[in-house]
Amino acid sequence: MYNFNCDICSHRCDGISKGIYDFKNDVEYSEFFEKKIIQEIKDMGYYAEKTTKDQYPDIEVHSCEGGELLCYIEIKAQRRTFMSVKKFLPYSDLTPSETVALNQSDLDHYISQSRIETAPIYIAWVLSNRPCIVKEGEELIFYNALSELERIYNYYGDKRRFKRKSGKGDVVNGQHKGVVVNYHFSLNELKPFDLNEIINK
C-alpha cells in the first residue's frame, strides 16, 4: 500500500507551494519518457509512434508499422507532491504519498474520445521526487486503463477535483499553458507499468 505517514517522515516533502510550475521542463521530462517507451515497444516487435492526431494521447501502438491499432498511451510527469490533499480534499480518501494528478481537461477529453475509439486508452504517470516511494535519482511508472480511471472518477466526483492558483512557469510565450484544474488518483488504484500487459490485453 502506497500511503506512508507524512507526519512522521524523516525526509518529508516540502508542504509549502512555492507557486512555481515549470511547464516547459515538465513537457520535456514527459517527452523523454515518451521516446523511451516508444523504443521499448519497438524492441518488443510492435510499432509505436508519437501520435499526430490533434488532442490525442501521446503514443499510439500498432501490431506492426501500418498495422492494427492496439492502444493509446498518455504519459504524465509527476514530480510534485500534493502535500495539502487532506486539507483541500478532505473526502478524497487520499494521503499525500499516494496521490497523483491528471489534468481535468485531459481526463474529460479522453473519456469523450473513448466513446468513439475502439482502441483502449491508458494513462501512465512517471513518478519521481517522492522519497518514501522512489529512490533518489530514479523514477517509477504506474498506469491504468482509462475505463478504470473513469469508474473511480464517477465514484468520487468532485471530491478529488482541485483548482490551484496560477504560478510562475504557467505562462509560456505570453500564453497560459499550465493546467490549474486537476483530478487526483491514488497509486493504490494504479499498477506498475507493464508493456506486455498493456499490449497483450
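N129 is exposed, with 53% of its relative accessible area open. This residue sits in the loop that links β5 and β6, and its phi is near 55°, a positive value for a residue that is not glycine. For context, most residues other than glycine have a negative phi. Please keep in mind as you look around that this is a predicted model.

You will find Q55 in the loop between β1 (47-50) and β2 (59-62). Is Q55 buried or exposed? With a relative accessible area of 54%, Q55 counts as exposed because the cut-off for that class is over 50%.

## The chain as a whole

Stepping back, the chain holds five helices and eleven strands. It has 201 residues, and 46% of them count as buried. Take the contacts between residues at least 6 apart in sequence: 64% of these join residues at least 24 apart.

## Helix α3

Helix α3 covers residues 104-114. Which of its residues are buried? They are Q104, D106, L107, Y110, I111 and Q113. The partners they pack against include several strands, namely β3 (69-78), β4 (99-103), β5, β7 and β10, together with the helix α4.

H109 also belongs to α3. H109 counts as partly exposed because its relative accessibility is 26%, a value that lies between the 20% limit for buried and the 50% limit for exposed. Between the C-alpha atoms of H109 and Y56 the distance is 8.7 Å, although the two residues are 53 apart in sequence.

## Where α3 meets α4

Now follow α3 to its helical neighbour, α4 (residues 146-156). The two axes come within 11 Å of each other and cross at roughly 120°. That angle is why α3 is described as oblique to α4. The crossing of α3 past α4 is left-handed.

Which residues make this contact? From α3 come Q104, L107, D108, Y110, I111 and S114, while α4 supplies L146, E150 and Y153. Sorted by class, the contact of α3 with α4 has five nonpolar, two polar and two charged residues.

## The two sides of α4

In α4, the buried residues are L146, L149, E150, I152, Y153 and Y156. Viewed down the axis of α4, these buried residues fall within an arc of 160°, so they line one face of the helix. They pack against α3, β5 (121-127), β6 (140-145), β7 (161-163) and β10 (181-186).

What does the face turned away from the buried side of α4 carry? There you will see the exposed residues S147, N154 and Y155. Just after α4 comes G157, which has a positive phi of about 55°.

E74 is in strand β3. This residue counts as buried because its relative accessible area is 4%, with the cut-off for buried set at under 20%. Which residues does E74 contact, leaving aside its neighbours within four places in sequence? The list is Y56, P57, D58, D106, Y110, Y122, I123 and A124. The C-alpha atoms of E74 and S30 are separated by 9.6 Å, and the two residues are 44 apart along the chain.

F82 lies in the loop between β3 and α2 (85-88). Is F82 buried or exposed? Its relative accessible area is 15%, so F82 is buried. Apart from its neighbours within four places in sequence, F82 is in contact with F88, L89, P96, T99, F162 and H184. F82 and L94 are twelve residues apart in sequence, and their C-alpha atoms are 10.0 Å apart in space.

Definitions and conventions:
Residues are numbered from 1 along each chain as its sequence is written. This is a predicted model: local features need pLDDT of at least 70, side-chain atom pairs count only at pLDDT 80 or more; totals for chains, interfaces and linings use all residues. Side-chain values use heavy atoms; hydrogens and water are left out. Helices (H or I, at least four residues) and strands (E, at least two) are DSSP runs, numbered from the N terminus. Buried means under 20% relative accessible area, exposed over 50%, partly exposed in between (1.4 Å probe, protein chains only). Axes are lines fitted to C-alpha atoms, for helices over the stretch in contact, and angles run from 0 to 180 degrees between N-to-C directions. Angles under 35 degrees count as roughly parallel, over 145 as roughly antiparallel, 65 to 115 as roughly perpendicular and the rest as oblique. A crossing is left-handed if the near helix is turned anticlockwise from the far one by less than a right angle, and right-handed if clockwise. Contact means heavy atoms within 4.5 Å. Ala, Val, Leu, Ile, Met, Phe, Trp, Tyr, Cys and Pro count as nonpolar, Asp, Glu, Lys and Arg as charged, and the others, Gly among them, as polar. The arc is that of the directions from the helix axis to the C-beta atoms.
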